[in-house]
Amino acid sequence: MQPTQGKIRFSTALLSVMIVSSMALTACGSGNDSSNNTSNTTTNASGNTGNSTDAANDGNTGTAAPAEKVTVEFWANKFEATTDAWFKKWVDAFNKSQDQIEVKLQIVPGDAWAQKLKAAQAADKAPDFYTMNYGGIANAAKLAQIQPLNDLIEGAKFDDLYDNIKDFVSVGDKYYAYPMLVEPSAVLYYRKDLYEAAGLDPEKPPTTWDELIENGKKLTKDGIFGLATGQTAPDLGWSSWGLQSGAAGHLALTDDWSKADIMNDGYRAVVNFYADAFKSGIMPKQALSGYPDIAPFGQGKVAQAINGSWAIGQLRNDFKNMLDKVGVAPMPSQNGDASTTTATLGGWTLVVDGKSKHPKEASAFISYLLGGETDVMIDFFKTSQFSKFSPRKSVDEAMKSDPAASQDPWRALIAEKVIPFSKAEPIYPWDVSIAVSTAIESAMKGTDPEKALQKAEKDINDFIAKSKLAGTNPKAAQ
Amino acid sequence: MFKKNYRQDNGVAYLLLAPIVILLTIFVVIPFFYSLKVSFYNWSFYQPSVFVGFDNFKFVLEDDLFLNSVWVGIKFTLMVVPASMVVSFLFANVIKGMRKGSASIVKTSIYIPTIISGIVASVIFVFIYDYMGGLANYVLSWFGSEPRAWLADVKTALPSIAVPAIWLGFGLTTLIMLAGLHDIPESYYEAADLEGAGTWQKMWYITVPLMKNIVLFLTVTGFTGAISQYELSLVMTGGGPLDTTTTPNLYILNHFRNDVMVGNSIAASLLLFVVLGSISAIIFKVLNSEKAIDG
């Protein structure tokens, strides 16, 4: 008797659980949807299919057969909301401007990018063209994952690029990508009002690492931290490239990629800088945000922050009332010499997939968007609040006549004092960068810097041996 | 007569088995053998794949990070599975003793974490562990304690991730435990009462032995569930600090995302499969499953 009762009770309970859970699931589902609206903007389909059906209808009403547009698929990483909107705006404009090519844009969040692209490649369904950062181009070209663009985009459009950028997008004598923007990875942002309150001169930002840490010590009080920068290995892996390059004069591998090149004073200095900054107590013990996000600085929790130039856009869009208190300066270097490299130039390009069936149509759109009329790109740099920089001479020329751009002091500072001394990002595998940044992080957490570097050197050399990396640098032959 | 029936039964049995066999073939068997084959190649999507023999496996086995990730997975499991078993067992006993109405309310409410996705839970716990203004450090501040870097400190990162894992899993575990408790005939307890057995004696001599199959089931599923966990560390710590929360599946995912060639991640997956299979086999061996005594 008792057990049966128990069973009945359990089954009714289970039923109620199922009902409640299904209710909660649907609630969850709608919750996800609303959150997706902000992060997931893949729902371009509505707009675009609308366009294509309109086009088809137009064709049907006429006497001619419906014009068959070639559809090319375009995947873009998810960047700031303003960039996403800019992509959508100009894709729509392009689709309406002619009746040959229909570009289908899909915006893919960064953390899903690699999985989604690899799954599509494995199924032979990779998009015709997509965004790629400078660091990925050489390897993708070596593996024939992307096509050379020399025969697809006219040479004059490449002549318009600055010489160093030409190098970023080429392997051997071929261009494999068309660049969209460059942005230095490290710039110093500091609070002028807090500088004054701490007895520091707000017009004299630090120029050496020691000054940066000393100022940080004076600024750390009342729950405000003196310094925010990358402090986890994945963030440090790329955000410290500029400092590595400036202090050591080179990056972590020898030119022929045959061995690690980090047991030197330059690399020791970089590791010690991060370890000293962390141990001096001016940085929070747990990062308040990821490196590329300057929100904690904007919210007033941090007095000095190292971040990329893109943070200007974030500050101007999201923290408007903070702007008059913010100072911007080049990232300090080890010795204080203003011409020392402290940042790498990252940035994004568009590439045509190696297996694309419509490379001509894809590159026609790339030419239109990135290499065409200067107002398309000026529109982009405006929406990004001039936190990104043009790889094209003609766009910079045209921007000189734009009052908002020419009178922007932060833009001028980065263009004149940061970009000229910035280096290209390394193209060696990420495993090498993460080995170095793991050494930095372990030194921050108390490991002896020398031992941390020795371990990194061993890890890198093991990796080189196992993956037969020596002599495979795609750019070494040049 | 017997033979004919036998054959008819067979036909129906094959028919009923067909859907699952076909589905398993498409989604499990074929991909498994395909991945076995691919694991011996430097698999590229754009160029002909190159046969490399056991290189991928050698690469993974010689990688300290892979061995470290398996060790992290085992540590994580040892934190999650015993803790959630004990908590669930206690909760199930409490619920069993409750009256009908309140029992269903409690059952429903403890089940809620189960239907929350791991990603959502991770985000909630990232807020709880936030260095400035997180709930955990706020509570610490009541006792005048310094804020702790829960997710950035090598010592606390893995336990901090184990907490949401326990929270997510214990609703389901409790309900299964409760079902097991209800399956124990009440007459055993009545007889024990007559013999004058106390609460602890009843629990130790009646409840625990009769729950053995349930515990075995929950240990094996809990173990495989916990060691294949990766979304918690992916969202909350990204595997850091210093790889102390890089579980085996996160290691595989990282390689899949970053590597130019895919063979490495496939070899690692197959090796993880071997590790999981053998540990599950050991658990089965140790906690020998038996048919319940009352049949």
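**Reading sheets, helices and an interface**

Student: What makes S7(A) and strand S11 of chain A a pair?

Tutor: Two bridges join S7(A) to strand S11 (residues 344-346) of chain A, and the two run antiparallel. The rule asks for at least two bridges, so they count as paired. One more thing: this is a predicted model.

Student: Which residue stands opposite Pro184(A)?

Tutor: Leu345(A), in S11(A).

Student: What is the order of the three strands in that open sheet of chain A?

Tutor: The order is S7-S11-S13, with mixed pairing.

Student: Why are strand S7 and strand S13 of chain A called edge strands?

Tutor: Strand S7 (183-184) and strand S13 (423-424) each pair on one side only.

Student: How many bridges join strand S3 and strand S12 of chain A?

Tutor: Five bridges, in the antiparallel sense, link S3 (residues 129-133) with S12 (residues 348-352). The rule needs at least two, so this is a pair as well. In it, Tyr130(A) stands opposite Val351(A).

Student: Where do S3 and S12 sit in the open sheet of five strands?

Tutor: Read the order in chain A: S2-S1-S3-S12-S6, with mixed pairing. The edges are strand S2 (101-108) and strand S6 (178-179).

Student: Which strands does helix H4 of chain A lie across?

Tutor: Helix H4 (residues 110-122) lies across S1, S2 and S3, at about 145° to S1(A). Helix H5 (residues 134-142) of chain A lies across S3, S6 and S12, at about 115° to S3(A).

Student: What makes Arg268(A) and Asp265(A) a salt bridge?

Tutor: Their side chains meet at 2.9 Å, N to O. The cut-off is 4 Å, so the pair qualifies. Both residues lie in helix H12 (residues 265-279) of chain A, three residues apart, about one turn of the helix. Over all chains, the structure holds 21 salt bridges.

Student: How many salt bridges cross the interface of chain B and chain A?

Tutor: Zero, by the rule. Five residue pairs are in polar contact there, both at pLDDT 80 or more.

Student: What area do chain B and chain A bury between them?

Tutor: About 3,800 Å², with 66% of it on carbon and sulfur atoms. That is called buried because it is accessible area lost on putting the two together, summed over both.

Terms used: Residues numbered from 1 in each chain as written. Chains lettered and ligands numbered in written order. Predicted model: local features only at pLDDT ≥ 70, side-chain atom pairs only at ≥ 80, totals over all residues. Heavy atoms only, no water. Buried area = accessible area lost by both parts, 1.4 Å probe. Polar contact = N/O pair within 3.5 Å; in protein donor to acceptor, adjacent residues only side chain to side chain. Helix = DSSP H or I, 4+ residues; strand = E, 2+ residues; numbered from the N terminus. Contact = heavy atoms within 4.5 Å. Axes fitted to C-alpha atoms, helices over the stretch in contact; angles between N-to-C directions.
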